[in-house]
Amino acid sequence: MSTSAGVTILLVEDKPADADFVKKLLVEHRKDLEIRDQDYVTDIGSIEHVDCLADGLERVASEDIDLVLLDLGLPDSEGLDTVLSMCEQAPVPIIVLTGQKGIGVSAIQCGAQDYLIKGQITADSLIRTIAYAIERARVTRKLQDRNHRLAVVNEILRTDIRNDMSMVIGWGDLLHNRVRKDDQATVDKLLEASRHALTLADTAAELIDILSKPEMIEPVPCELRTILQAELDRCRQEAVVDLTVDWQVADDSITVLGTPMLSSVFKHLLRNAVTHTDRTEPTITVTIRQTTETVSVAVADDGVGISEAQKK
């Protein structure tokens with residue numbers, strides 16, 4: 001990959017005039033940009049040129065190519081198939097060079113980082129596009145590495161920690177009726193803490209599932225009453241609790257924008273209120289307010305509260 005000597009660009013173009021034009025922009029006109037001290041000027045070490053897809057695929061198999069400039073009309077490949085073939089082989093950013101205005105976005109959807117329209121390419125636009133494509137590729141690799149790490153953590157949460165906590169709960173249930181009555185309260189606290197830890201592990205695993213998705217999770221329309229009511233019913237079933245719900249809304253159906261984590265948020269808030277309390281029957285009040293633009297859900301309880309340090 002790129003070194004202090006600059007990036008290596010592979011130009012896949014079968015028309016000699018077009019290839020010479022791109023090289024000229026990268027070599028000669030780039031000097032003018034350097035004089036203007038543009039912050040996006042990329043240090044280009046070398047430019048390699050091939051005139052067919054087969055040679056391009058063979059060349060990118062090596063590890064010293066940093067970016068591909070790819071023409072879509074080649075002797076041995078045409079159109080989006082060219083992009084797909086190169087994306088499957090090349091682990092580097094690809095910028096498509098095309099004379100068709102309507103194909104650029106489709107090329108990006110196939111895996112290209114960006115595209116440039118032939119006949120409209122300038123030194124500024126070319127070098128700017130190269131710099132941004134390389135940076136986006138670097139960020140993408142960083143995100144992929146993060147996702148691999150999250151996958152390892154997710155596996156630990158879902159298997160190792162969850163299995164061990166389930167065993168602790170099972171052993172605690174066996175001990176409950178075998179210890180002295182004076183010690184049963186201690187076992188109850190052990191079971192309560194273990195179940196809470198198991199819940200936290202499940203919630204963390206759900207969050208990692210969302211964060212690990214390669215695409216951005218966009219909010220979608222959700223039926224708030226259905227989602228929240230399911231978690232309220234779960235809370236009443238799992239704990240002895242004085243739970244009051246105040247629906248300050250005009251309609252029975254409340255549509256909000258939310259991600260798949262919305263139900264997990266409500267579940268965690270309610271379980272947190274039940275767990276962190278010194279009362280035998282904690283009091284929880286859930287208030288739902290609706291305006292013309294927004295809906296708010298507030299959860300209040302009479303538990304031990306959160307320290308100022310934790311709030312910060």
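I began with a network of salt bridges that links Glu13, Asp18, Asp71 and Lys118. I count a salt bridge when a side-chain nitrogen of Lys or Arg is within 4 Å of a carboxyl oxygen of Asp or Glu. The structure holds 16 salt bridges.

I note the ground rules here. The model is predicted, so I take local features at pLDDT of at least 70 and side-chain atom pairs at pLDDT 80 or more, while totals for chains, interfaces and linings use all residues. Residues are numbered from 1 along each chain as its sequence is written, and side-chain values use heavy atoms, with hydrogens and water left out.

**Overall build**

I looked up the secondary structure next. The protein has nine helices and 12 strands. The radius of gyration is 29 Å, well over the 20 Å of the globule rule for 312 residues, so the protein is more spread out than a compact globule. The radius is taken over C-alpha atoms, and the rule is 2.2 Å times the number of residues to the power 0.38. Helices (H or I, at least four residues) and strands (E, at least two) are DSSP runs, numbered from the N terminus.

I then boxed the C-alpha atoms along the principal axes and got roughly 90 × 50 × 40 Å. I find 35% of the 312 residues buried. Buried means under 20% relative accessible area, exposed means over 50%, and partly exposed lies in between (1.4 Å probe, protein chains only). The protein exposes about 18,400 Å², and carbon and sulfur atoms supply 53% of that. These areas come from the Shrake-Rupley method with a 1.4 Å probe; for residues, only the protein chains shown count as cover.

I checked contacts too (heavy atoms within 4.5 Å). Of the contacts with a separation of 6 or more, 70% join residues 24 or more positions apart.

**Helix α3**

Which residues of α3 are buried? In this helix, residues 80–89, I found Thr82, Val83 and Met86. Seen down the axis, they fall within an arc of 95°, so they line one face of α3. The arc is that of the directions from the helix axis to the C-beta atoms. On the face turned away from the buried side I see the exposed residues Asp81 and Glu88.

**Helix α5**

I turned to α5, which covers residues 123–176. Asp124 and Arg128 form a salt bridge, with the closest N and O atoms 3.3 Å apart. The two are four residues apart in α5, about one helical turn. Arg128 is partly exposed at 30% relative accessibility, and Asp124 is partly exposed at 22%.

I found a second pair, Asp145 and Arg149, with the closest N and O atoms 2.9 Å apart. These are also four residues apart in α5. Arg149 is exposed at 56%, whereas Asp145 is partly exposed at 36%.

Asp114 bridges to Arg136, with 3.4 Å between the closest N and O atoms. Asp114 lies in strand β7 (residues 114–117) and Arg136 in α5, so the pair ties together parts 22 residues apart in sequence. Arg136 is partly exposed at 32%.

**Surface patch**

Ile161 is in α5 and is partly exposed at 36%.
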